[in-house]
Every structure is written in C-alpha cells, then in structure tokens.
Amino acid sequence: MMGELLSGERLDELHRKGYHIIQKTDAFCFGMDAVLLADFANVSKKEKVLDMGTGTGIIPILMEARTEGGHFTGLEIQEDFAQMASRSVAMNGQEDRIKIVCGDIKEASAIFGTDSFDVVVSNPPYMVDDHGLKNPDQRKAIARHEVLCNLSDLLRETKKVLKNKGRFYMVHRTYRMAEIMHEMVACGLEPKRIRFVHPYVDKEPNIMLIEAMKGGKSRIKIEPPLIVYEKPGIYTDEIYDIYGYKREE
C-alpha cells in the first residue's frame, strides 16, 4: 500500500524488497553516505539497532531490508521528519521491526535507558556549527551542521545506550578523522574497522566509514578502499551493487 503523499512530497524507490521512501522535495534528502553506511554496518540475527538522527528513516529501512536484525529504532529530533519516516515504515509494512521516535540525541540514554542496544549507527552532521556557509533553511542546516548536537554529544550517548561489546557505525568526513578517533577512544569506543571512500581511484578519500566497539581492545583494521566513480557519471560495480541497481549495458 503506497498511501497518500502530502504536498511537496515525492516517493522514491529503494531497489530493496520493493521498498519505497517518502521525501520532501524542498528539504534535506538522503544521500549516498547513508546508503554506504547501511551497507557497511554488520547486524546479526535478533540484534537491536538504534539510528541516531534518522532523518527520513533511510538507514533503518535499508538495514531492515538487508539484515536479520531483530528490531530497528530511528531517533529524530525534527517532528516533521519523524512523522514522515514513520509513514514510510508503515507504507513498507515494516512496523513490526522498525519504530521511529521523535527525540533529542543528547537525551538518548534517558529515552531508551543504558545498555539498551547491540548496535548504534549514525550519519551525523559533518560540519561544526561555525564552519562554512550555513543553509538558511533550518531543516537543512540541522542536517549538515552541528546545530542541535555535536560529535561529543553523539559519542557520549552512544556509549551509554550500547551494551558492553556493542558496535557503533558512523560515516563522516575524513578531514575530521583525528578528532573522531581521539574522542572515540577517550569515551570508551575503540575504533575497530575503517573503510575509506574515494570519489575516483586516483583521488584522495573524502569520506570514511568507521566501526567502533564499546569496551573493545586496541586493534584496528583498514579495509580495501571503496571507489565511487569509474568515470564521470558512471558508478563502479560495487556502488551499483550496494544500491541494488543493475548496470545498464
């Protein structure tokens, strides 16, 4: 059942199990980073997953489609996005496995309790509040800048809601790598796995996917690089596979 779209909304196909997602044409829409994160995160059977700052709900919707996780929760502070994500979940018939909660990342442990999740994922705002030009659209500014929470808030609450040896998966910009690694280790989230994302094979990475473990030992694995474009306008086979697309001959 597709349901009715509200004014200014569109319906996008996700190429996974026939799922679709509702998005607003004039607001922040999900990008490749969220799709790559949903693919990078490992979730075992029956595990409970929390997506911090779920936005349109794209990450739990995709993770429910590709994993055997027991239950997925999306936390989103903007009420209109939370409601839209809930409608996408209902439209896809995922209500038994996905719940969208409207709330603040800074209060996640108060909302859900400590040691509540096996896995936490997040595609957080990349830019600090005073970095770069801020979009005058507040909804887009919140998605891109650390307006309502910062990296420290996210990591603090992630550690609280994760069970011991629970895993945290995040996508972020490589230029903040030193800060991210330092803050993770300082709060007890040990980096365990990193994959760098390069726009082209001969270009430096601009995105990184990182896995950390609560209470883990100090040992990190660097995975093979992920290359986005084979040539301008043409994705690599791996990107097509992650999206669930078939390459046009």
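I began with a definition: a residue is called buried when its relative accessible area is under 20%, exposed when over 50%, and partly exposed in between, with a 1.4 Å probe and protein chains only.

**Entry 1. The model**

I noted that this is a predicted model, in which local features need pLDDT of at least 70 and side-chain atom pairs count only at pLDDT 80 or more, while totals for chains, interfaces and linings use all residues. I also noted that residues are numbered from 1 along each chain as its sequence is written, and that side-chain values use heavy atoms, with hydrogens and water left out.

I looked up pLDDT, the predictor's confidence in each residue, from 0 to 100. Its mean over the protein is 91, and 89% of the residues reach 70 or more. I marked residues 131–145, over which pLDDT stays under 50. For this stretch the model has 37 contacts beyond four places in sequence, where contact means heavy atoms within 4.5 Å. Where pLDDT is low, the predicted coordinates should not be read in detail.

**Entry 2. The overall fold**

I recorded eight helices and 13 strands; helices (H or I, at least four residues) and strands (E, at least two) are DSSP runs, numbered from the N terminus. Of the 249 residues in the protein, 51% are buried. Among the contacts with a separation of 6 or more, 69% join residues 24 or more positions apart.

The buried residues of α1 are Met 32, Asp 33, Ala 34, Val 35, Leu 36, Leu 37, Ala 38 and Phe 40.

I then examined α2, which is also largely enclosed by the rest of the structure, because eight of its nine residues are buried. These are Ile 58, Ile 59, Pro 60, Ile 61, Leu 62, Met 63, Glu 64 and Ala 65.

**Entry 3. The second largest pocket**

I looked up the second largest pocket, whose volume is about 210 Å³. A pocket is found on a 1 Å grid over the protein atoms alone, as an open set of points with protein on both sides within 12 Å along at least five of seven lines; lining residues have an atom within 4 Å of a point. Grid points are joined across faces, edges and corners, and the volume is the space filled by probe spheres set on the points.

Of the 17 lining residues, Leu 14, Phe 30, Val 35, Leu 62 and Tyr 243 are the closest to the centre of this pocket. The elements that give two or more residues to the lining are β1 (9–13), α1 (32–40), α2 (58–66) and α8 (237–243). The lining comprises nine nonpolar, two polar and six charged residues. In this division Ala, Val, Leu, Ile, Met, Phe, Trp, Tyr, Cys and Pro count as nonpolar, Asp, Glu, Lys and Arg as charged, and the others, Gly among them, as polar.

**Entry 4. Arg 193**

I located Arg 193 in strand β8 (residues 189–198). Is Arg 193 buried or exposed? Arg 193 is buried, because its relative accessible area is 11%.

I next looked for polar contacts (pairs of N or O atoms within 3.5 Å; within protein, one must be able to donate a hydrogen and the other to accept it, and residues adjacent in sequence count only if both atoms are side-chain atoms). The side chain of Arg 193 makes one with the side chain of Glu 223, at 2.9 Å. The side chain of Arg 193 also reaches the backbone oxygen of Phe 40 at 3.0 Å. Beyond four places in sequence, the residues in contact with Arg 193 include Asn 42, Tyr 169 and Leu 209.

**Entry 5. Asp 104**

I found Asp 104 in the loop between β5 (98–102) and α4 (108–112). Asp 104 is buried, because its relative accessible area is 15%. A polar atom of its side chain lies 2.9 Å from the backbone nitrogen of Lys 106. Leaving aside neighbours within four places in sequence, Asp 104 is in contact with Leu 75, Ile 77 and Ile 111.

Most residues other than glycine have a negative phi, and most peptide bonds are trans. I therefore recorded Lys 17, which is exposed at 54% relative accessibility. Lys 17 has a positive phi of about 55 degrees and is found in the loop between β1 and β2 (20–24). Lys 165, in strand β7 (residues 162–173), has a positive phi of about 70 degrees. At 40% relative accessibility, Lys 165 is partly exposed.

Notes. On a 1 Å grid over the protein atoms alone, a cavity is a set of points where a 1.4 Å probe fits but cannot get out, and a pocket is an open set with protein on both sides within 12 Å along at least five of seven lines; lining residues have an atom within 4 Å of a point.
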